[in-house]
Amino acid sequence: MDVTGEQHELRATVRRFLAEKAGDSLLWRQMADQLGLQGVALPEKYGGAGAGLTELAIVMEELGRVLLPSPYFATVALAGHALAECGDEAKSRWLPAIVDGSLTATVAFSGADVRACGGELTGTAMFVVDGDTADLLLVVAGADLYAVEGKSVRRTRLQTLDPTRRLGRLELDRTPAVRLDANVDRVRDLAVIALAAEQVGGARACLDAAVGYAKVRVQFGRPIGSFQAIKHKCADLLLEVEAARSAVEHAAATTGDDLPIAAALAAAYCSVVYTRVAKENIQIHGGIGYTWEHDAHRHLKRAKSSELLFGTPATHRARLADLVGI
């Protein structure tokens, strides 16, 4: 896929910004004020940059490289895209605040666990990304999407494998909600493409770390990267990471009826690749990741948790098979 000069510059700018600012307590505001990242793929009419899913995928990939613990994925990739699919009333009410960084939000893909009745929601939604902190909650009930104020919901932070991504449990008891006219299936497809982009970024970071270590770690008087077993392993991983990036780029550029197919393909493949590269990175480091403090292990935790966030790779493969009629 051809990458434009603007997209190259976006990637370089975000990477440089994260290298300088990661860990800054004001990072979220700076992402909005200095780079406008919260609005990169949101409509210009509501303050965004009006770019597409490809630009959002570039940002997500860079965030995945550094395992940034921020509400970006939930607020922008999930809720922002969901609201962008809605009518003007919902867009004008919430998108400007997401763009300027004053509102955080998320989507709870609860499905049948939450019931809607007369403008109220009742039930429990589990494993909601940033569900314990988001100001605005978009909750899937059946085949519909509803907006709920975060303060009206009982919320609990869950203990999870990956400490860099917050997950929450939402308990709704006749909670007032506003029905939105979004296509839930399309919202989910866009979410898994954004997650796949983040997985590619994580996989690339693991590969870069493995190659860097193989160049400097000396054994038997030679860098371990000069041994065929390590050299070939790194080459194989590079092919898998680049194939995963191609799957994301294709999905991000896909529109219309082919979007579900492209989303299922990207989700199934990128989940497996990220976990594999994260595991191999630990092996090439001689097991250093087992200290539980090294970035190698943090990536493995992110890879395993992301692998299950919107369904297992097997789930996505089964959906892909159904979509293409196998």
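A salt bridge is taken here as a side-chain nitrogen of Lys or Arg within 4 Å of a carboxyl oxygen of Asp or Glu, and by this rule the count in the predicted model comes to 25 salt bridges.

View 1. Glu62 counts as buried because its relative accessibility is 2%, under the 20% limit, whereas Arg15, with a relative accessible area of 37%, is partly exposed.

View 2. The side chains of Arg65 and Asp208 meet in a salt bridge at 3.2 Å, N to O. Arg65 lies in helix 3 and Asp208 in helix 6 (residues 184-216), so the pair ties together parts of the chain that are 143 residues apart in sequence. Asp208 has a relative accessibility of 31% and therefore counts as partly exposed. Arg65 and Asp208 belong to a network of salt bridges that also links Arg11, Arg15, Glu61, Glu62, Arg204, Glu242 and Arg245.

View 3. Helix 1 has 17 residues and reaches 24 Å from its first C-alpha to its last, close to the 24 Å expected at 1.5 Å a residue. Its buried residues are Gln7, Leu10, Arg11, Val14, Phe17 and Leu18; they cover an arc of only 135° around the axis, which puts them on the same side of helix 1. On the other side of helix 1, Gly5, His8, Ala19 and Glu20 are exposed. The cover over the buried residues of helix 1 includes helix 2 (27-35) and helix 3. Just after helix 1, Gly23 takes a positive phi of about 100°.

**View 4. Antiparallel pairing around strand 7.** Strand 7 (residues 167-176) pairs with strand 3 (residues 120-129) in the antiparallel sense over seven bridges, and within this pairing Leu121 has Thr175 of strand 7 as its bridge partner. Strand 7 also pairs in the antiparallel sense with strand 6 (residues 154-157), over four bridges, and Arg154 stands opposite Glu171 in strand 7.

View 5. Four strands make up an open sheet with the order 1-4-5-8 and mixed pairing. Strand 1 (105-108) and strand 8 (178-180) stand at the edges, each with a single partner strand, so one side of each is left without a neighbour in the sheet. From one strand to the next, the twist averages 30°. Strand 1 and strand 4 (residues 136-141) run parallel and are joined by four bridges, with Leu138 in strand 4 as the bridge partner of Val107. Helix 5 (residues 88-99) packs on the sheet, where it touches strand 1, strand 4, strand 5 (144-149) and strand 8, and the direction of helix 5 makes about 90° with that of strand 8.

Definitions and conventions:
Residues are numbered from 1 along each chain as its sequence is written. This is a predicted model: local features need pLDDT of at least 70, side-chain atom pairs count only at pLDDT 80 or more; totals for chains, interfaces and linings use all residues. Side-chain values use heavy atoms; hydrogens and water are left out. Buried means under 20% relative accessible area, exposed over 50%, partly exposed in between (1.4 Å probe, protein chains only). Helices (H or I, at least four residues) and strands (E, at least two) are DSSP runs, numbered from the N terminus. The expected span of a helix is 1.5 Å times one less than its number of residues. The arc is that of the directions from the helix axis to the C-beta atoms. Contact means heavy atoms within 4.5 Å. Two strands pair if DSSP finds at least two bridges between them. Axes are lines fitted to C-alpha atoms, for helices over the stretch in contact, and angles run from 0 to 180 degrees between N-to-C directions.
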